[in-house]
Amino acid sequence: MYQYAYVSVATTGLFGTKCTEHREIIDGCARHGYRYAGCLPTNMDAYGGVREIDLIFELEN
């Protein structure tokens with residue numbers, strides 16, 4: 001059984017393609033025992049640019 005955690009991250013840039021803090025978030029969660037499992041876009045603009053994503057982490061119980 002896994003426990004999941006989600007962290008929302010906003011993107012920046014003209015087309016919403018730049019994310020600056022993702023590495024710090026992934027490293028911080030890894031220090032607490034979580035493993036990066038993937039990401040999911042949660043907010044997009046009218047042109048299909050990703051504005052926000054959820055980073056997904058899992059921890060085995």
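I take a residue as buried when its relative accessible area is under 20%, and with that cut-off I find that 26% of the 61 residues of the chain count as buried. I keep in mind throughout that this is a predicted model.

**Overall layout.** I looked up the secondary structure and found one helix and three strands, which follow the pattern β-α-β-β when read along the sequence. The C-alpha atoms fill a box of roughly 40 × 20 × 10 Å along the principal axes. I then turned to contacts between residues at least 6 apart in sequence, and noted that 56% of these join residues at least 24 apart.

**Helix α1.** Which residues of α1 are buried? In this helix, which spans residues 22-31, I list Ile25, Gly28 and Cys29. Seen down the axis of α1, these buried residues fall within an arc of 95°, so they line one face of the helix. Their cover includes β1 (2-10) and β3, while the face turned away from the buried side carries the exposed residues Arg23 and Arg31. After the helix I come to Gly33, whose phi is positive, near 95°.

**Cysteines.** I checked Cys29 by its own value and found 14% relative accessibility, so it counts as buried. Cys39, at 45% relative accessibility, counts as partly exposed. I also searched the whole structure for disulfides and found zero.

**Thr11.** I located Thr11 in the loop between β1 and α1, and I note that Thr11 is buried, because its relative accessible area of 13% is under the 20% cut-off. What does the side chain of Thr11 reach with a polar atom? I find the backbone oxygen of Val50 at 2.5 Å from a polar atom of that side chain.

**Asp45.** Where does Asp45 sit? I place Asp45 in the loop between β2 (35-44) and β3 (50-60), where its 23% relative accessibility makes it count as partly exposed. I followed the side chain of Asp45 to two backbone nitrogens: that of Gly48, which the side chain reaches at 3.0 Å, and that of Gly49, which lies 2.7 Å from a polar side-chain atom of Asp45.

Technical notes. Residues are numbered from 1 along each chain as its sequence is written. This is a predicted model: local features need pLDDT of at least 70, side-chain atom pairs count only at pLDDT 80 or more; totals for chains, interfaces and linings use all residues. Side-chain values use heavy atoms; hydrogens and water are left out. Helices (H or I, at least four residues) and strands (E, at least two) are DSSP runs, numbered from the N terminus. Buried means under 20% relative accessible area, exposed over 50%, partly exposed in between (1.4 Å probe, protein chains only). A polar contact is a pair of N or O atoms within 3.5 Å; within protein, one must be able to donate a hydrogen and the other to accept it, and residues adjacent in sequence count only if both atoms are side-chain atoms. The arc is that of the directions from the helix axis to the C-beta atoms. Contact means heavy atoms within 4.5 Å. A disulfide is a pair of cysteine sulfur atoms within 2.5 Å.
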